[in-house]
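Let us read a structure together, one feature at a time.

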Amino acid sequence: MPWLTPDAHTEQVEAARDVVLRRLDRSAAPRAALAQLLERKQTDPAVAQEVLDRLEAAGVIDDAAYAARLARTRFAEKGAARRAIADELRRKGVGEGHIRTALEQIDGEDEAAAALALARKRLAASRGLEPAVRRRRALAALGRKGYSAGVAARAVEQALAEE
């Protein structure tokens, strides 16, 4: 039955779809990362585009949901600032609109509270050191998490005042 035998294009589409679905079985990924994966696998660009379009239309690939989930988890679990989260999403190829929407979940008060909690933790870990060293280390830790200099300084000063 020749109509049951897939043509070369259909086989390429199925192979590319399988690659993408196997990758998504491990964890969610943005469309750009999946496109890079298919490119590394030397998939025909037209086939890759077709597969990604179909999976996006089906809701399997959803950059907005991916960005929102990553923003929530990075902020809640790692204490990352909005700026650091936005940078990570950009590196992963998520569009600016999705990034802005995802970061709307985190307001300035939440970020200031997270910075204060991190400052308290860093200062508690350095109790025996000189005050200047403690302040410098706490500011550096907040900076690595993506907090602005102003937010970091306010958090460290408040945490020091609480001691």
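**Reading the model**

A: Start with Gly 79, which is buried because its relative accessible area is 17%. Buried means under 20% relative accessible area, exposed over 50%, and partly exposed in between (1.4 Å probe, protein chains only). This is a predicted model, where local features need pLDDT of at least 70, side-chain atom pairs count only at pLDDT 80 or more, and totals for chains, interfaces and linings use all residues. Residues are numbered from 1 along each chain as its sequence is written, and side-chain values use heavy atoms, with hydrogens and water left out.

Q: Where is Gly 79 found?

A: Helices are DSSP runs (H or I, at least four residues), numbered from the N terminus. Gly 79 lies in the loop between helix H4 (63–78) and helix H5 (82–91).

Q: Which residues is Gly 79 in contact with, leaving aside neighbours within four places in sequence?

A: Contact means heavy atoms within 4.5 Å. Beyond those neighbours, Gly 79 contacts Arg 74, Lys 145 and Tyr 147. Tyr 147 is 68 residues apart from Gly 79 along the chain, yet their C-alpha atoms are separated by 9.7 Å.

Q: Is Thr 43 buried or exposed?

A: Thr 43 is buried, because its relative accessible area is 19%. Its place is the loop between helix H2 (31–40) and helix H3 (45–57). Not counting residues up to four places away in sequence, Thr 43 touches Ala 16, Leu 38 and Ala 48.

Q: How many salt bridges does the count come to?

A: A salt bridge is a side-chain nitrogen of Lys or Arg within 4 Å of a carboxyl oxygen of Asp or Glu. The count comes to 13. One of them joins Glu 56 and Arg 31, with the closest N and O atoms 2.5 Å apart. This pair links distant parts of the chain: Glu 56 is in helix H3 and Arg 31 in helix H2, 25 residues apart. Arg 31 is buried, as its relative accessible area is 14%. Glu 56 counts as partly exposed, at 35%. Arg 31, Asp 53 and Glu 56 are linked in a network of salt bridges.

Q: Which side chain meets Glu 157 in a salt bridge?

A: The partner is Arg 135, at 2.9 Å from N to O. Again distant parts of the chain are linked: Glu 157 sits in helix H9 (residues 149–162) and Arg 135 in helix H8, 22 residues apart. Glu 157 is partly exposed, at 40% relative accessibility. Arg 135 is also partly exposed, with 30%.

Notes. Helix = DSSP H or I, 4+ residues; strand = E, 2+ residues; numbered from the N terminus.
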